[in-house]
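Please read these points with the model open beside you. They go from single residues to the whole chain.

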Amino acid sequence: MPILPIRRYPDPVLRQKAQPVDPKDPQLPALVADLFDSMYAAEGVGLAANQVGLPVRVAVIDTSAGQDPQARLVLINPEILATSGELLEEDEGCLSFPGLRAKARRSERATVRAQGLDGQPFELEAVGLLGKALQHEVDHLNGHLFIDHLPLGQQALISGKLKQMKREAVKA
Ligand code: ZN
C-alpha cells in the first residue's frame, strides 16, 4: 500500500470541509488502508483524509500506535454528537504540523456517531487520548485545526513557528 504524503499547514485543503462518502464506495477499503499505513509511517495516532489531500469524510485512529490491532478505528462520515466533562488543556500535536506541540483546550469526553467500512452506523463515547483524538479528527473533516483550540498564551508561543511554516510553504 502506498504511503501518502501528508499535507502541512497552511495547505488550503486542511481548511476545506470534507464531503460525505458512500460507505459502499469500492475505493474506500484501499483509502482506509493507505491512511493507516501513512499514519503509522508518520508515527501518528490519527489521520483524516483531507490531510492527504482528499476532502472526504474518512478518518482513522489508533491510539496504540500499531501495538494493538483492536485499537484500529475507522470513521466514515463521523460527527460529534456531544462533548461533556471538564475542559482540559493538554499537550496536542498534529501530523500536518510536524514538530509543533501546544496545549489545546478540549472537552474531557466526546461521543461520536460514524459508519464503519461495513456501512453499519455506530456510536462511540470516549475519554482520555481517544476522546481527544475523536475531537481532533472530526475537526479536521470540518476544516478545523488544533491551533483553533489554543488559549491565548499558547497562541503567542507558537505564532513564530506558524509564520515560519507559511514562509516554508511559499518557498516549496
Ligand atoms: Zn491533526
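1. His140 sits in helix α2, residues 128–141. Helices here are DSSP runs of H or I with at least four residues, strands are runs of E with at least two, and both are numbered from the N terminus. His140 counts as buried because its relative accessibility is 1%. Buried means under 20% relative accessible area, exposed means over 50%, and partly exposed is in between (1.4 Å probe, protein chains only). Leaving aside residues up to four places away in sequence, His140 touches Leu14, Gln16, Ala48, Asn50, Gln51, Cys94 and Leu145. A contact requires heavy atoms within 4.5 Å.

2. A word on the source. This is a predicted model, where local features need pLDDT of at least 70 and side-chain atom pairs count only at pLDDT 80 or more, while totals for chains, interfaces and linings use all residues. Residues are numbered from 1 along each chain as its sequence is written, and side-chain values use heavy atoms, with hydrogens and water left out.

3. Now the overall fold. The protein chain has three helices and five strands. Their order from the N terminus is α-β-β-β-β-β-α-α. The radius of gyration is 15 Å, close to the 16 Å that the globule rule gives for 172 residues, so the chain is as compact as a globular protein of that length. That radius is taken over C-alpha atoms, and the rule is 2.2 Å times the number of residues to the power 0.38. Buried residues make up 42% of the 172 residues.

4. Look next at the strand pairing. β3 and β4 run antiparallel, joined by 12 bridges. Strands pair if DSSP finds at least two bridges between them. Glu90 stands opposite Ala104 in β4. Seven bridges join β4 to β5 (residues 121–127), again antiparallel. Here Arg109 faces Val127 in β5. β4 and β5 form a hairpin with five residues between them, and Gly119 in the turn has a positive phi of about 85 degrees.

5. Which strand do the buried residues of α3 pack against? They pack against β4 (102–115). Those buried residues are Gln154, Ile158, Leu162 and Met165. Helix α3 covers residues 152–171, 20 residues in total, and reaches 29 Å from its first C-alpha to its last, close to the 28 Å expected at 1.5 Å a residue. The expected span is 1.5 Å times one less than the number of residues. α3 bends by about 45 degrees at Ile158. The bend is the angle between axes fitted to the seven residues ending there and the seven starting there.

6. Arg72 deserves a look. It lies in the loop between β2 (58–61) and β3 (73–92). Arg72 and Val60 are 12 residues apart in sequence, yet 7.4 Å apart in space, C-alpha to C-alpha. Beyond residues up to four places away in sequence, Arg72 touches Phe36, Tyr40, Ile61 and Asp62.

7. Please check the backbone geometry too. Most residues other than glycine have a negative phi, and most peptide bonds are trans. Ala65 has a positive phi of about 55 degrees. It lies in the loop between β2 and β3 and is partly exposed at 43%. Asn77 has a positive phi of about 50 degrees. Asn77 belongs to strand β3 and is buried, at 17%. A cis peptide bond joins Tyr9 and Pro10, with omega about 5 degrees. Pro10 lies in the segment before α1 (28–41).
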